[in-house]
Structures are given as C-alpha cells and as structure tokens.
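Please look over the sequence and the model shown here before reading on.

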Amino acid sequence: VVRTATRSYGDTEVSAAIGEDGVLEGEFSHLNTGEDRRRVLALTAENRRADGTPDNYDRESERYGVIIGQKRRETPSGFWAIAQFERRENIFDEGFAVQDKQRIPRFLAGYNWEKDDRSRTRVLVQASRPEYSIQYPDIDGDYADFKFESLNAELRHDRKVNNKHFLNFGLFGGKRSRTANTFLPDIFLGDLRTHSETDLTSYGAYVRSEWRPSERLSLAGELLWQKLKFDANSSISDGFLSFSSTQKGDQSHLLPKLVASYNSDANNTFRLRLRRVAASVEDFQLLRPTDGFWEFNDLAQPLFGGTSGGFLVGDGSSVELEWDRTFRDASFLQIALFSQRLDNARYGAWENMGAVNNVRQNGARIGYERQLGEHTSLFSRLYFNDAKADGERLPQIPRFSAALGLQYFNRRGLFVQPLLTYQGSRVDDVTGQKFDSATVFDLRFGKRWGLRSTAFVELRNIFDEKYSVGQRQQYGRQFRVGYTQRF
C-alpha cells in the first residue's frame, strides 16, 4: 500500500511535466522508513491541470496525502494509516458550458497480525466524505450539489491447515449515504427544486477453502453471503406543487464460486472459474481473496439501486476459461474466454443510469508479450466483446479494441516507447447514433540516468483523433516534456 501510494520507496521524488494547451503536471513524494525499517512516514502531493484544449474541457486536480506505519520488531505484524484529500475541477462544453467541482477527503487504516506462517489476520477501515457540485454558467443560478458519506470495515483471517489445504474467512460491513439538491430557475414560470436522501447498507461474510492435491492441480471453493439494504426519500417542487416519494428494500444473495487451476507442464497453465455474480459495493470487500483471473471491468456490471420498478439488485452467472503459455524464447501468450448472463445491468458511471435487462456478454481477451532483442520488448492486447441486452447491441461498449506497444531501453539509458491503440465503433445510448472507430498513436522517449533521474518527451494522440471514452470527449494532440528526480 505504501509503495503504491508514494510511487517510490525510501526516496524523495519530484516529477513535473509541461505541454501545449496549458498542460502542467507536478508530483512530489517522500518516504522515510527509519533506521530499523520498522517505522514509515510518507508525504505525497500532486497537481495536474490543462486549459482550453480544443473541443474538450479544462481540468484541474490536486491531491495531498500523509501515510504512517509501524511494524513490530522481528515480525511482519504492524499497522498503517493513510489520510488523503483530493480536489478536482472540470469545465467542459456539451453544447452548453458545464462546470463541476469535487472535494474528496479519505481515510484508511489497517492492521496486519501474523503469529506464524500458518495464521494471518487483517483488518481494514475506510471513511470518506466527498462533495460534488455541478453548475451551468450559461443558466443563471442553476446548480446541483451532492454530498456523500461512507464508512466500512473488513476482517479477514487466513489459516494454513497443512501444505495442501488453506482456509480463508472474512466479514465486511458498511454504510454509504448520499444527499442531493438541484435547482433550475424559471421552468415554466416556476423554479424547480429537487431534494433526495439515499442510504445504502451492505454487509456479509465469506468462507473459502483451497485444496492442492498435487503440484499441478489446485481447487478452490468459495461461498459468499451478502445483504444490501436501500432507503431513499426524494421530493420535487416548482413553487406551486410538490411531490415526494419513498423507496425501501433489501435483498440477500448467496454467491458460490468454484476455481480450478491445472499446470499440464512447466509452460502451460489452464484456469477455470464458475461463479454466481450479483451487484455489490466492491470497495467494501477489498480484503476478499482474488482469483488471479483477467478482470473485465469494462463490461456491463450488475445493477443495484432504486428504479421505477423498485429496488433492484442485478445478479447472474459467469463462466471464464484462461490459458497461459510460456514459449521457449520466453515469450508469453494469454487467452481468456468469458460468458456472462445478467438479469439487470448497468453500463454507465452512475448506479441507476444506463440500466438494461437480459444482458448476454460473450467474448475473448488475448495478450502476447515477447523480447525482440537485447533492448526491445513487445506487448499486445486484443479484446472482443459481443454484448447484447434484450437482443440489441449494448450501448457505449465497443465490440473490438486492441493495443500494440514497443519498449526500447539500452545500456546508456535511452528509451523509446511507442503505443498504438484501437477502439471499435460504439452506439450512443440516447440517440442511437453510431460512433466511428478511433486509432490513437502515442510516443514517449527520453533518457534515464541510473535509477534516480529521468527526462522524457511525450507525444500523445499524434494523429489528433477525435474520440470519446464513455460519454466524455478525450484530448486531441498533446505535446509534453517532463523530468523526474529522486533524492
């Protein structure tokens, strides 16, 4: 956690980049581990901004953080805590000016206790109070404000029964609240005001057992029970009439999972995962064991939240098969196939937007990496997803996407990193309009002096391709130069 948060270990790091269209980025991090390497103190600060890019939006973000930790002598046991504050501001044009502001304070704390190599217990606590506001400068007085509160805790215990049998137990629970207020002046001679309060409570438990009958075969079974409770109150008024509504609901799910891994030889690994899936608050389950599979976060996800049909918690099934192959020249091939069935799903950024029913997602992921010479390596990715809802193509999700990259790094510290990405055509969820495919080419090159100094030049979107990810227009051609120094 500490290494990821500071992006350096045992050093002070300063990084800066400037570019056209007012692009300015800066980052500072410092980590002191103490002479006995039992104490940790880390500081991070980051600022990024871009002004007036054509056909896009202005943006600015800041992030500050403090990390502390203490490890017990002669054992891996210890605690850590992270306090962080993030500020974001965006101004973009979607036919009219839109300005949004975000304030995101976060706190995380954890404890790791290891008695010996056969037992381990971890605890994690998270808390945050984000605020989010939207204003439309072209519409005098119009705004939307959102305030969130989130608090959750997790406990996980790992037990090694013997060299072939491993057990995991876990508990989790938390609550997330949202308060929203909107105001739109002079709509049909009346000011329109809305107010809503939403509470979501999630808690559950899981048990996982892994058995390794041989060096080649591993079998794991998991059973997760979770409960979601939803409580929402909303009102709307135009100065003459008002209307209010209340929604409540709760649902429980029992989610089994089976994972199998088989090494046919030293170069081939096959993995199979069968599971029932359901909507959940995923960041309430950060300590839950992972399976090592290629994750599909770009697909439609199970829906949960209040809808016109009441409180919905989408669920379904998923089957995934992977094959990893290492060749004699050390090149690596990974092929992943998946098939998912979801009764209610979402594909937008909000819990109850982009809701669709009877989703079928079938596709493949292919990755290939190899060394082309002493100083050059290649990596490639190919994604295919045939996603449909009620027999129609699912909006906002491209059927094909791909990436191809090279990395050259010689003994004198010179490096070149070209990257070519492709995003297939998509369908707009509102108008049904088809967005054309896009090909984006980036190039990064520079020089590194040892492990502490790096200078670089970046050319992003060299072809000046006009494209969007989700519903947000991306940047056009960008030029950046930067330098990183560790002390």
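Glu-322 and Arg-271 are both buried, where buried means under 20% relative accessible area, exposed means over 50% and partly exposed lies in between, with a 1.4 Å probe and protein chains only. The model is a predicted one, in which local features need pLDDT of at least 70 and side-chain atom pairs count only at pLDDT 80 or more, while totals for chains, interfaces and linings use all residues. Residues are numbered from 1 along each chain as its sequence is written, and side-chain values use heavy atoms, with hydrogens and water left out.

**Salt bridges across the structure**

- The whole structure holds 30 salt bridges, each defined as a side-chain nitrogen of Lys or Arg within 4 Å of a carboxyl oxygen of Asp or Glu.
- One of them joins the side chains of Glu-322 and Arg-271, at 2.7 Å from N to O.
- This pair links distant parts of the chain, since Glu-322 belongs to strand β18 (residues 315-326) and Arg-271 to strand β14 (residues 268-278), 51 residues apart; strands (E, at least two residues) and helices (H or I, at least four) are DSSP runs numbered from the N terminus.
- Asp-158 forms a salt bridge with Arg-156, with 2.8 Å between the closest N and O atoms.
- Asp-158 and Arg-156 are both buried.

**A pair with greater accessibility values listed**

- Glu-149 and Arg-129 form a salt bridge whose closest N and O atoms are 3.1 Å apart.
- Distant parts of the chain are linked by this pair: Glu-149 is in strand β9 (residues 143-162), and Arg-129 is in the loop between β7 (119-128) and β8 (131-135), 20 residues apart.
- Glu-149 counts as partly exposed because its relative accessible area is 41%.
- Arg-129 is classed as exposed because its relative accessibility is 55%.

- Asp-291 is located in the loop between β14 and β15 (301-302).
- Its relative accessibility is 13%, and Asp-291 therefore counts as buried.
- A polar contact of 2.7 Å connects the side chain of Asp-291 with that of Arg-273.
- Apart from neighbours within four places in sequence, Asp-291 is in contact (heavy atoms within 4.5 Å) with Arg-208, Lys-257, Val-259 and Arg-273.

Terms used: Polar contact = N/O pair within 3.5 Å; in protein donor to acceptor, adjacent residues only side chain to side chain.
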